[in-house]
Amino acid sequence: MITSIQGTLTSATPLHAIVELNGFGYEVNIPVTTAEKLPATGATVKLHTLVIYREDAQTLYGFATPAERDFFRLMIENVTGVGPKVALSIMSRLSLPLLENAIRIGDVGTLAKCPGIGKKTAERLVVELKSKVSAAHTAVLGTTSDAPSALQEGGTHRDAVAALIALGYKAADADQAVRHAVLALGPKATTEALVKKALS
């Protein structure tokens, strides 16, 4: 199984990237949240990948982090009615911290606003994944030496999103603004700095 690809980024759109490696150009389907993090065309890029095999095709999906790839796999393998296209749409609309938090707290409203997701599918996401998301959260807390910093980054992102929502932003818009702020300031930025950047 191809778990990652590293090569030259020859072109990119919000949902696709072409990565050239050893003379071959690989088309990789990506969510918008990954496209936002891509380097300039011509630079070296690494994507964490999952190949989906069908009778008539094999499709490569790529993500900025292993955690995003693993969550994509979790959705398509565990939630009825959520295939690769729908899962990519969900991950294009919401960052992983907000997505996991929405599932953990049962925020069906935020999930249902993703393109192609109705209330029933949003409810299935919560029912099917809530225990898995909580279990993964606990596992990270208990086993990873650098877990506190990783969790702090996710928590900082969530706190900044929550602050923007309190100021009247819609959840998805707040999430997008914070993602852009993280790209500008770096993953170690404080909640206050992220909020200020998102509002500027």
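Arg 179 and Asp 175 both belong to helix H8 (residues 171-185), where four residues, about one turn of the helix, separate them. Helices (H or I, at least four residues) and strands (E, at least two) are DSSP runs, numbered from the N terminus. The side chains of Arg 179 and Asp 175 meet in a salt bridge, with an N to O distance of 2.8 Å. Here a salt bridge denotes a side-chain nitrogen of Lys or Arg within 4 Å of a carboxyl oxygen of Asp or Glu.

The model is predicted: local features need pLDDT of at least 70, side-chain atom pairs count only at pLDDT 80 or more, and totals for chains, interfaces and linings use all residues. Residues are numbered from 1 along each chain as its sequence is written, and side-chain values use heavy atoms, with hydrogens and water left out.

The structure holds six salt bridges, among them the pairs tabulated here.

| Salt bridge | N to O distance |
|---|---|
| Arg 179 – Asp 175 | 2.8 Å |
| Glu 68 – Lys 37 | 3.4 Å |
| Asp 70 – Arg 73 | 3.5 Å |

Glu 68 forms a salt bridge with Lys 37. This pair links distant parts of the chain, 31 residues apart: Glu 68 lies in helix H2 (residues 66-78), and Lys 37 in the loop between helix H1 (32-35) and strand E4 (44-53). Glu 68 counts as buried because its relative accessibility is 7%, whereas Lys 37, at 41%, counts as partly exposed.

Helix H2 also holds Asp 70 and Arg 73, which are three residues apart and therefore separated by about one helical turn. Asp 70 has a relative accessibility of 36% and so counts as partly exposed. Arg 73 is likewise classed as partly exposed, at 23%.

On the surface, Leu 167, Tyr 169 and Leu 199 form a nonpolar patch with about 280 Å² of accessible area together. Patches are made of residues with over 30% relative accessible area and no salt bridge; like charges are joined within 9 Å, and nonpolar side chains (Val, Leu, Ile, Met, Phe, Trp, Tyr) within 5 Å. Accessible areas come from the Shrake-Rupley method with a 1.4 Å probe, and for residues only the protein chains shown count as cover. Tyr 169 is located in the loop between helix H7 (147-166) and H8. With a relative accessible area of 31%, Tyr 169 is partly exposed.

Technical notes:
Buried < 20%, exposed > 50% of the residue type's maximum accessible area, 1.4 Å probe, protein only.
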